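Colleague: I am new to this structure and would like to learn how to read its features one at a time. Could you take me through it slowly?

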Amino acid sequence: MALICSDLLLLGQLGDGDILRLSPDGKIERPFSQSIELFGNFTYSLSSSGADKLWQTATLARQEGEALLLATDGLSNAFIDDAQFHTFARSLLARIE
């Protein structure tokens, strides 16, 4: 989830979806990393015991001209590596612009 305020980004994630932060200069940042406690395709979900404590959250300063990509689980798995996933994300931004 993302809440975009005038000067802040409030981000939250539970599970294996993706959030990418795309800067106008082409840089891509992934605010959250997968838990080292999980292996393979195992993930936390809303149905996990104690799900309310498993969310990752971040408060980030908002940058002029940036974009966010919020993707459901599995999208990044459709690509061979992060480089291809990032190329796809940049192509979406180019299409929107």
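This is a predicted model: local features need pLDDT of at least 70, side-chain atom pairs count only at pLDDT 80 or more; totals for chains, interfaces and linings use all residues.

Colleague: Which strand holds D18, and which residues is D18 in contact with beyond its neighbours within four places in sequence?

Modeller: Helices (H or I, at least four residues) and strands (E, at least two) are DSSP runs, numbered from the N terminus, and D18 lies in strand β3, which covers residues 18–22. Contact means heavy atoms within 4.5 Å; leaving aside the neighbours within four places in sequence, the contacts of D18 are Q13, R30, L69, L70, A71, S76 and F85.

Colleague: What joins the side chains of D18 and R30?

Modeller: As a general idea, side chains of opposite charge can pair when their charged atoms come close. A salt bridge is a side-chain nitrogen of Lys or Arg within 4 Å of a carboxyl oxygen of Asp or Glu, and R30 forms one with D18, the closest N and O atoms being 2.7 Å apart. The pair links distant parts of the chain, since R30 sits in the loop between β4 (28–29) and β5, whereas D18 is in strand β3, twelve residues apart. The side chains of D18 and R30 are also joined by a polar contact of 2.7 Å, a term for a pair of N or O atoms within 3.5 Å; within protein, one must be able to donate a hydrogen and the other to accept it, and residues adjacent in sequence count only if both atoms are side-chain atoms. R30 has 31% relative accessibility and therefore counts as partly exposed.

Colleague: How many salt bridges does the count come to?

Modeller: The count comes to five salt bridges. One of them joins E29 to R21, with the closest N and O atoms 3.7 Å apart; E29, at 27% relative accessibility, counts as partly exposed, whereas R21, with a relative accessible area of 5%, is buried. Salt bridges that share partners join D18, R30 and D82 into one network. D52 forms a salt bridge with K53, where the closest N and O atoms are 3.2 Å apart, and both D52 and K53 are exposed.

Colleague: Which residues make up the largest nonpolar core?

Modeller: In soluble globular proteins, nonpolar side chains tend to be buried together. A nonpolar core is a set of buried Ala, Val, Leu, Ile, Met, Phe, Trp, Tyr and Cys residues joined through side-chain atoms within 4.5 Å, and the largest here has seven residues: L20, L22, I28, A67, L69, F85 and A89. The elements that give two or more residues to this core are β3, β6 and α1 (82–96). Apart from it lies another core, of six residues, including L9, L11, I19 and F32.

Colleague: Where does L69 lie, and which residues does L69 touch?

Modeller: L69 lies in strand β6, residues 67–71, and is buried, with a relative accessible area of 15%. Not counting residues up to four places away in sequence, L69 touches D18, I19, L20, L22, F85, A89 and L92. L69 and L92 are 23 residues apart in sequence, yet 9.0 Å apart in space, C-alpha to C-alpha.

Colleague: In what order do the strands of the open sheet stand?

Modeller: Two strands pair if DSSP finds at least two bridges between them, and here three strands form an open sheet in the order β1-β2-β5, with antiparallel pairing. β1 (2–4) and β5 (56–61) stand at the edges, each with a single partner strand, so one side of each is left without a neighbour in the sheet. Three bridges join β1 to the antiparallel strand β2, residues 8–13, and L11 in β2 is the bridge partner of A2.

Colleague: How many helices and strands does the protein chain have?

Modeller: The protein chain has one helix and six strands, and from the N terminus on its elements run β-β-β-β-β-β-α. Of its 97 residues, 27% count as buried.

Note on methods. Residues are numbered from 1 along each chain as its sequence is written. Side-chain values use heavy atoms; hydrogens and water are left out. Buried means under 20% relative accessible area, exposed over 50%, partly exposed in between (1.4 Å probe, protein chains only).
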